[in-house]
Amino acid sequence: MGLIAKPEHAGAESVASVSYSPESQEGWVTTRLDMLVNWGRAGSLWPMPFGTACCAIEFMASAASKFDLARFGMERMSYSPRQSDVLICAGRVPFKLAPVIRRIYQQMLQPKWVISMGACASTGGMFDNYAVVQGIDTIIPVDVYVPGCPPRPEGLIYGIMMLQQQIKGERMSDTALRDELMPDPKSQLYIPPERIDELSEPFGNSVNQTRSAP
Amino acid sequence: MNPTVDALRARFGGAIMRAEVVWSETTVYVEAARIAEICAWLESDPSQSYEYLSDVTAVEYRDGVRPIEVVWHVRSLKHRRFLRLKAEIPKDGSTPLRVPSVHGVWKGADWLERECYDMFGIVFEGHPDLRRILMWEQYKEGFPLRKDFPLRGRFSRSEQLKQALAANPEARYSMEELSISDAFEDLPADMRQRLTNEKVGE
């Protein structure tokens, strides 16, 4: 599917997908078990607030009394990644912080999700410069992007609910779901890094800012 | 005009060039080579007692002709004065981009001069530990606040990312700060030696 599966999962089934053939359709027990596990996971997502900048204030506002995050089971913020489920990256990430956020993501235990909150975490935001990572999805895999500068608490909560919907759609028969897969160079969907660089050429006002001063 | 200007001219004579007052703040242009002794006198002399160094920074003008100015902002709390010292370094390559460090006078100059070095490439001679502070230490693209440095940086985004991820942010931490011992192998050899030999608390 454009991704290289781990050897133990690259069996007779297609890679990273659920087979819908009648023989392998899940039975009543597995679907109920899926529902139970996903309900448990979605209803108690312990966030790791990786708040770097202004979006962290809005995250705190979402967690406070008016837009309560406790009703989603998210009131227990863990600052230790080993005890958290979802990494909420709120704020711009400078290049100096890039190895740190990657290390923190690697320290989280599966199952783990990432919400990229705000414009800066999603794409670099207004900071198209030498110091800011242009989107944390260049460093870690992201599940939900919440746009805004900063997103209103309702926006963040909508993103969290979207993540909950995604979690409820997971199936245990999908064995490769939690694997972190590498892009497959032989796939049709593969874009080589040089081409990605071409595609990420600047647009708008930053077109004038790639050359040195006269 | 800050009364310090007259005192400086009386004491240092030729090293003090022009002085101007802009928005009631006095700026004095001094010779770069003598900045350390000028600052030492400003800090120690009781009639001046500039005991607070606010900032060390630099200015590069867009026209490409005016020299780079290294700026020191000093304040006297006792006499309630503010003084800005500027040293001009021409950009034509005749003078190297080096000025004496005032770390011996004010310890606060430590990080201020590191920031000035990181952003402009001005080397402060006599600084105990001049390395990059805002960008990571192995940053190779240049000096970001120079006028010939493009806003988005010199390398492509994927190259910048690759270099940023290869930087080791924990290289200079002590063992007490490193709560994960699996970073131990990444430390430089002499640091590993020191940590294993010393008695480590907790």
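Q: What makes strand 2 and strand 3 of chain A a pair, and in which direction do they run, parallel or antiparallel?
A: In this predicted model, five bridges join strand 2 of chain A to strand 3 of chain A. Pairing requires at least two bridges, so the two strands count as paired. They run parallel. Within this pairing, A:Gly51 stands opposite A:Ala90 of strand 3 of chain A.

Q: Which strands form the open sheet, and in what order?
A: Four strands of chain A form the open sheet in the order 2-3-4-5, with parallel pairing. Direction ignored, neighbouring strands of this sheet are turned by 20° against each other on average.

Q: Why are strand 2 and strand 5 of chain A said to stand at the edges?
A: Strand 2 and strand 5 of chain A each have a single partner strand, so one side of each is left without a neighbour in the sheet.

Q: What does helix 2 of chain A touch in the sheet?
A: Helix 2 of chain A packs on the sheet, touching strand 2, strand 3 and strand 4 of chain A. The direction of this helix makes about 145° with that of strand 2 of chain A.

Q: What is the sequence of elements in chain A?
A: From the N terminus on, the elements of chain A run β-α-β-α-β-α-β-α-β-α-β-α. This corresponds to six helices and six strands.

Q: Which residues touch the most other members of the largest nonpolar core?
A: That core has 45 residues, and those touching the most other members are A:Val86, A:Leu87, A:Ile88, A:Cys89, A:Ile101, A:Ile115 and A:Met117. In soluble globular proteins, nonpolar side chains tend to be buried together.

Q: Which residues is A:Leu87 in contact with, leaving aside its neighbours within four places in sequence?
A: A:Leu87 is in contact with A:Met48, A:Phe50, A:Tyr105, A:Met108, A:Lys112 and A:Val114. Contact means C-beta atoms within 7 Å, so each of these residues meets that limit with A:Leu87.

Q: How much confidence does the predictor place in chain B?
A: Chain B averages a pLDDT of 88, and 93% of its residues score at least 70. The model scores ipTM 0.78 and pTM 0.80.

How values were computed. Residues are numbered from 1 along each chain as its sequence is written. Chains are lettered from A and ligands numbered from 1 in the order in which they are written. This is a predicted model: local features need pLDDT of at least 70, side-chain atom pairs count only at pLDDT 80 or more; totals for chains, interfaces and linings use all residues. Helices (H or I, at least four residues) and strands (E, at least two) are DSSP runs, numbered from the N terminus. A nonpolar core is a set of buried Ala, Val, Leu, Ile, Met, Phe, Trp, Tyr and Cys residues joined through C-beta atoms within 7 Å. A residue is buried if 20 or more other C-beta atoms lie within 10 Å of its own, exposed if 12 or fewer, and partly exposed in between; C-beta atoms are placed from the backbone. Two residues are in contact if their C-beta atoms, placed from the backbone, lie within 7 Å. pLDDT is the predictor's confidence in each residue, from 0 to 100. Axes are lines fitted to C-alpha atoms, for helices over the stretch in contact, and angles run from 0 to 180 degrees between N-to-C directions.
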